[in-house]
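Hi,

Here is the model I promised to pass on.

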Amino acid sequence: MSTAPDTQRIVVLGTGGTIAGTAASPDDVVGYRAGQIGIDTLLAGVSMPPGSALEAEQIAQIDSKDMTHAIWQTLAQRVAHHLARPEVAGIVITHGTDTLEETAWFLQRVLAPSKPVVLTGAMRPATAREADGPQNLSDAITVAREPGLSGVLAVLAGTVHDACDVRKANPLRLDDAFASGDAGPLGVIAGGRLRWLRLRGEAGSAAPQVLSNGTQVHPALSRPADDWPRVEIITSHAGATGALVRALCADGVHGIVVAATGNGSVNRELQQALVAAQATGLAVLCSPRSGPGRAHPSAIDRLPMADGLTPAKTRVELMLRLLERAGA
Ligand code: SIN
C-alpha cells in the first residue's frame with residue numbers, strides 16, 4: 001500500500017477470535033468456529049478511515065479461550081517492534097472477545113505503550129448476515145490514528161474502554177458485551193468520529209516504564225513463557241475448603257488469586273489455608289467475584305486485594321509481579 005504524506009500508518013495484528021470466525025449459514029451466530037479467516041481477508045472487507053495506510057500481520061489464529069503465554073509473548077514482542085518504528089502511529093489487534101480483557105491488561109502492564117494499541121473483536125462471526133466485526137475494526141483503526149493517544153484500549157460496539165477497566169460483561173449481546181464497571185467507558189465513536197467521555201485513570205495512562213527506543217526490558221518479553229511463574233484462580237464460595245490450596249501448593253504453584261465474595265471477603269477455611277501457604281512463600285491476591293463495582297479494602301482484611309481488576313486480570317497482574325520480582 002502506498003503512503004500519501006498525510007497518511008498515518010497503522011499495523012493490524014490478527015490473533016483469531018469470532019471476528020475471524022465462520023459458520024455454515026449466515027443465520028448461525030452461535031455454532032461457528034472462531035479464528036478461521038486471515039487478517040488480510042478481514043481487512044479487505046472493511047471500509048478504511050480516509051488517510052489510513054495499513055500493514056497486516058498474522059500472529060495467531062485461535063479461539064481466544066486457548067490463548068497461551070507463549071502467544072502473549074510473541075504478540076508483545078511484535079507490538080513492541082512495530083511501536084518502535086517512527087512511521088507507525090498505532091497498532092490494532094483483532095482478538096477473540098473471551099479473553100480480550102486479559103490480553104489488554106497483559107500488554108498494558110508489559111509495554112505501557114506511548115502510542116495507542118487498540119484491541120477489537122466481534123460477537124458475531126464474519127459470515128453472519130449482520131456481522132459486527134467490520135465496523136468494530138474500522139472504529140479501532142480510527143482510534144489507533146488518534147493523535148496524542150497512548151496505552152492499551154479496547155474498542156467494541158462503538159465504545160472505547162481502558163485496558164484496566166474493560167471486562168466481558170455479557171456472553172451474547174452485541175451492545176452490552178463489554179463494560180467498564182464503575183469507571184465507565186472512555187469514549188464513544190460513531191460515523192468515524194470519536195468523542196471522549198472522561199479522562200483516563202492512573203493505570204491506563206501510565207508513562208512508558210519498560211521500553212525506550214524499542215529496547216525490550218520487561219522479563220515477559222525475554223524469559224521463556226514456559227518458565228513464567230504459575231498462578232491459578234480459586235473461587236471463594238459457600239462450603240469452600242482449603243483442599244484446592246493445599247493441592248496446588250503440593251503441585252508447585254507460585255501464586256493463587258482468590259475470586260472473593262462480596263467486598264473481598266474469603267471463606268474462613270479457604271482463608272486459613274491461604275494464610276498458612278503464604279507463610280511458606282505462596283503469593284496471594286484477591287479480587288471480588290461479584291462484578292463491575294470496585295471493592296474497598298478494609299483494615300481487617302487478612303489477604304491483599306487487587307485494585308479494580310477482574311479475577312482473570314488479577315491472575316495476569318500477580319504473574320507479572322512475580323516475574324518482575326524474579327527479574328529477567
Ligand atoms: C473467542 O474468544 O475467540 C471466541 C469468542 C469471541 O470472539 O467472541
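Let me start with strand β13: six of its six residues are buried, so the strand is largely enclosed by the rest of the structure. Buried here stands for under 20% relative accessible area, with exposed being over 50% and partly exposed in between (1.4 Å probe, protein chains only). On one side of β13 sit Ala283, Leu285 and Ser287, on the other Val284, Cys286 and Pro288, and both faces are covered. The chain gets from β12 to β13 through α7, a β-α-β crossover that is right-handed. That label applies if, with the strands pointing away from the viewer, the path from the first strand over the helix to the second runs clockwise.

Some housekeeping before going on. This is a predicted model, so local features need pLDDT of at least 70 and side-chain atom pairs count only at pLDDT 80 or more, while totals for chains, interfaces and linings use all residues. Residues are numbered from 1 along each chain as its sequence is written, and side-chain values use heavy atoms, with hydrogens and water left out. Helices (H or I, at least four residues) and strands (E, at least two) are DSSP runs, numbered from the N terminus.

Back to β13 and its sheet. This is an open one of three strands, ordered β11-β12-β13, with parallel pairing; two strands pair if DSSP finds at least two bridges between them. β11 (231-235) and β13 (283-288) are the edge strands, each with a single partner, so one side of each has no neighbour in the sheet. From one strand to the next the twist averages 25°. Six bridges link β12 (residues 255-260) to β13 in the parallel sense, and Val257 is found opposite Leu285 in β13.

Two helices pack on this sheet. Helix α6 (residues 243-250) touches β11 and β12, its direction making about 170° with that of β11. Helix α8 (residues 311-326) touches β11, β12 and β13, at about 155° to the direction of β13. Contact means heavy atoms within 4.5 Å; axes are lines fitted to C-alpha atoms, for helices over the stretch in contact, and angles run from 0 to 180 degrees between N-to-C directions.

α6 also packs against helix α7 (residues 268-278), at an angle of about 25° and with the axes 8 Å apart. Val245, Arg246 and Cys249 from α6 meet Leu270, Ala273, Leu274 and Ala277 from α7.

In the loop between β13 and α8 you will find Gly291, which counts as buried at 14% relative accessibility.

Eight strands make up an open sheet in the order β2-β1-β3-β4-β5-β6-β9-β10, with mixed pairing. Its edges are β2 (52-62) and β10 (193-196), each with a single partner strand, so one side of each is left without a neighbour in the sheet. Here, too, the twist averages 25° from one strand to the next. β1 (residues 8-16) and β2 are parallel and share eight bridges, with Val12 opposite Ala56 in β2. Helix α2 (residues 69-83) lies across β1, β2, β3 (88-94) and β4, and runs at about 165° to β2.

What about strand β5 (residues 151-156), buried or exposed? Six of its six residues are buried, so β5 is largely enclosed by the rest of the structure. Gly151, Leu153 and Val155 point one way from β5, and Val152, Ala154 and Leu156 the other way. β4 (residues 116-120) runs parallel to β5, joined by four bridges, and Pro116 has Gly151 as its bridge partner. Take a look at the β-α-β unit made by β4, helix α4 (residues 133-144) and β5: this unit is left-handed.

On to β6 (residues 159-162), which pairs with β5 in the antiparallel sense over four bridges. Asp162 in β6 is the bridge partner of Leu153. β5 and β6 form a hairpin with two residues between them, and Ala157 in the turn has a positive phi of about 50°.

Cheers
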